[in-house]
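Open the model in a viewer and keep the selection panel at hand.

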Amino acid sequence: MSYNLETYQEPFWAKSGNFIRGRDPLGIQNSSISVYATLLPGMTNLTLRLRYYGTYLWLLNQYDQLLANNMFKEDQHGQYTFIRRAELIIAYVMVTKYPDEQSVIGSNFVSKKFNEIQEKGYYDIALGADKHKDTPIGSVYWDYTSGALGQYYAGSLIALNLIHQSSGYFHQTEDYGKELAKAYGNSISTEVAALFLKRITEGKLYSEDIDGLEDIALNKDYKKTPEGEFYIKMLLSNDGPKSKTASGMLPSQRKESLELFMNLLNTNQDEKAWLDLPVTSYKILQVKSKNEVSEATFGWYYYYLNELAHYSLETVFWGLLFEIDQDTYSLQQFINNITNRVLEYYSDELEDLKELTIGDLIGKLDDKEFITLDYIHDIGISVTENNSIAGITEALIALLCLFRDNQHKLTEANDYAINHFLSTKNGNALEIFQIYITSSFNLNFEEFVRKLVHNLLNEHIAIAYNKMGNGEKNLLKFVIEDNYLVHIETMTPNFTNPRLRTLYNFTKDLDLINNEDELTLEGEDLLKQLIG
């Protein structure tokens, strides 16, 4: 009998292993995350609205101007309360006036509170925002103590040199941060600023206030204003001192990525063409060298190289978990079973090649017949259909083809990784090729499969225990008990989300692209400026 989270019943004398989900069972995705963080500094997958940047800087500027005896000045929690109330007020304005707008902090909470105005005559901002030690989880709009600023936006604002943090307080930087605070202040009237601050202090928001606070809306048109001009300047600036390369250069990969992104929209009429930036860069680098493209183009190639390597390995691991769940095996029985079934599945295609060493086999895989991206596509179908052996085999061939296609780029990839301090990130493609491909050059295909399967099982166990540390949360997806494999959970392979949605939202907020994902006149002018 196989066990899983649904069927396993813990005995009365003990608790379960407290198994939890995790998106990275092999511990390899951090290499991709580090690459896209290098390419788009100052953005995350959670900082989706550009105007929050200006809002927070203006709020911190206003906080600094509060009198010393103000209730918000008692300690850093007072500052958090000040920010939290502002976040909730913005949510009420956005949900009331613009209910279709996305990525509004606290919008779900606000949507459930509209009857409050009938009960109390006002929205209770203090009750919905203030976080105390005894505040029940889920009873306020945001459970993280310092609000979305502390949880999501602070890292980006620090990376952009707009704020810094000390003794638990957030502070605007003297020049750059104050410049944005002033630019935002120019976009709201004196009356709106006064009303906003008054409602923050009172902790109450009245229905008639909503129209009066429209200036603070996240979707306000601020093109050709000091605020809009600052955001453009911010996106076009270099990546900052924290991004300095090993060679001592200050890169501008965010600016270069913006150019690639906008040029892709300008030349491709397909819907959501901007999502193809990584694969487009990957294809370009198949025929061009590193010195023929921008640093960001090569960076997106390197990102996608990592993604393809991860997806291939994660598919093999998915297939192993799926098979563990089907029957009871000893470790050696399982490895033998998987190896034999993989060999049988590809017996026709590899009949004349399977006795070759992996080093020779890679050279014999015709790139017109064994196409890497076709195999990646087929993997997705196999996973959807729960065809585990097909998925495992396709992923193994994809990994071999990926190495074949990119072995002429590995020196350049290594140079990029070293220069941007990415070479030590666990799971980078160069490491994967070394561990699973080049170290197996002298093995035949059967030996290669057997070794890779055994390595992946061991690697997951090592990674899971390393992540657990001394904690109680169990990340294992299978366990070995009395030399038998016991299934816990099957994880499907997935790609990471490389912040392109954030870049897309920013360009829309700046009116550089329209609702049809086409460049506006302002967008076309900016692209011309970027191309030079």
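Begin with the contacts (heavy atoms within 4.5 Å): of those in the chain with a separation of 6 or more, 72% are between residues 24 or more positions apart. This is a predicted model, in which local features need pLDDT of at least 70, side-chain atom pairs count only at pLDDT 80 or more, and totals for chains, interfaces and linings use all residues. Numbering runs from 1 along each chain as its sequence is written, and side-chain values use heavy atoms, with hydrogens and water left out.

Select the whole chain in cartoon view. There are 23 helices and six strands, taken as DSSP runs (helices H or I, at least four residues; strands E, at least two) and numbered from the N terminus. The C-alpha atoms fill a box of roughly 80 × 70 × 40 Å along the principal axes.

Next, colour by burial. Of the 532 residues, 52% are buried, meaning under 20% relative accessible area with a 1.4 Å probe, protein chains only.

Now select the largest nonpolar core, which has 162 residues. Such a core is a set of buried Ala, Val, Leu, Ile, Met, Phe, Trp, Tyr and Cys residues joined through side-chain atoms within 4.5 Å. Helix H14 (residues 295–324) gives the most to this core, 18 residues.

Among the residues with the most contacts inside the core are Tyr53, Phe196 and Phe445. Centre on Phe445: leaving aside residues up to four places away in sequence, Phe445 touches residues including Val342, Leu350, Lys354, Ile397 and Leu400.

Finally, go to Met468, Leu475, Leu476 and Val486, which are among the seven residues of a second, separate core.

Technical notes: Buried means under 20% relative accessible area, exposed over 50%, partly exposed in between (1.4 Å probe, protein chains only).
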